[in-house]
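Please look over the chain shown here.

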Amino acid sequence: MEQIREDALRILDYGDNTASELVRKLVKKGHDEGKAEEVTAVLVSQDLVNDRRYAENYARVKAGSGKGPIWIRQKLTEKGVSSADISAALAEHADRDAERVLCAKKALKICGLESDFELDEYGSLVPAEDSAYIYERASIFELDEEEAAADRQAAYKYREKQKAKLVRRLASAGFSPSAVYYTVSKIADL
């Protein structure tokens, strides 16, 4: 048991783990699963392993890097975090407006417009102070003027294809459909 505890503490030295991850890693090292669970339970009681703390830290870091609550929930579930701990961790990100702001930041980055636009305190897109961006309706989704004038149908298809591509990228980042479609409509109006 002492060797299992030492291995567990060595694993925790590298970074925080959920209880189920720690058990899995100890079993992978060749320890008995039952004994690994006992040692992990002791570490949980000593607050050296805390799934809620892990979930809160994970949610904060991933939300900060542009991941949405759906993606975060899925990853935490895969890591063995309980539904209650996940819900508590995501409570800060459950706000619809906060999710829209995160989604808009991600969309600006995807479109290469993060230096041209900022988000105001209400989550609206406003031009950055030093931006040279020229407003044209949906200009990031448009063909150049000659190509668009030559074939309006091709221009429409191109615009819709670009919008669908942005929708897929934002959805795969774990944002809710309402946040994604709201953001794409705002980006298309730039």
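The sections below describe a predicted model.

## Overall make-up

The protein chain has 190 residues, and 36% of them count as buried. Its secondary structure comes to 10 helices and 2 strands. Read from the N terminus, the order is α-α-α-α-α-α-α-β-β-α-α-α.

Contacts between residues at least 6 apart in sequence give a view of the fold. Of these, 56% join residues at least 24 apart. The accessible surface of the protein chain is about 11400 Å². Carbon and sulfur atoms account for 49% of that surface.

## Helix H1: length and faces

Helix H1 covers residues 2–14. Gly 15 follows H1, and its phi is positive, near 160°.

Which residues of H1 are buried? They are Ile 4, Asp 7, Ala 8, Ile 11 and Leu 12. These residues lie on the same side of H1, because they cover an arc of only 140° around the axis. In an α-helix there are 3.6 residues a turn, so residues three or four places apart point the same way. The buried residues of H1 pack against H2 and helix H3 (33–45). Glu 2 and Asp 13, on the other side of H1, are exposed.

How many salt bridges does the model hold? The count comes to 8. One of the pairs is Arg 10 and Glu 6, whose side chains meet at 4.0 Å, N to O. Both residues belong to H1 and stand 4 residues apart, which means that about one helical turn separates them.

Are the two partners buried or partly exposed? Arg 10 has 42% relative accessibility, so it counts as partly exposed. Glu 6 has a relative accessible area of 36%, so it is partly exposed too.

## Salt bridges of Arg 53

Arg 53 forms a salt bridge with Asp 16, with the closest N and O atoms 3.7 Å apart. This pair links distant parts of the chain, 37 residues apart. Arg 53 lies in helix H4 (residues 51–64). Asp 16 lies in the loop between H1 and helix H2 (19–28).

Arg 53 also meets Asp 47 in a salt bridge, at 3.7 Å from N to O. Asp 16, with a relative accessible area of 32%, is partly exposed. Asp 47 is partly exposed as well, at 41% relative accessibility.

## A shared network

Which residues are joined into one network? Salt bridges that share partners join Glu 6, Asp 7 and Arg 10. Of these, Asp 7 is among the buried residues of H1. Glu 6 is partly exposed, and so is Arg 10.

Key:
Residues are numbered from 1 along each chain as its sequence is written. This is a predicted model: local features need pLDDT of at least 70, side-chain atom pairs count only at pLDDT 80 or more; totals for chains, interfaces and linings use all residues. Side-chain values use heavy atoms; hydrogens and water are left out. Buried means under 20% relative accessible area, exposed over 50%, partly exposed in between (1.4 Å probe, protein chains only). The arc is that of the directions from the helix axis to the C-beta atoms. Contact means heavy atoms within 4.5 Å. Accessible areas come from the Shrake-Rupley method with a 1.4 Å probe; for residues, only the protein chains shown count as cover.
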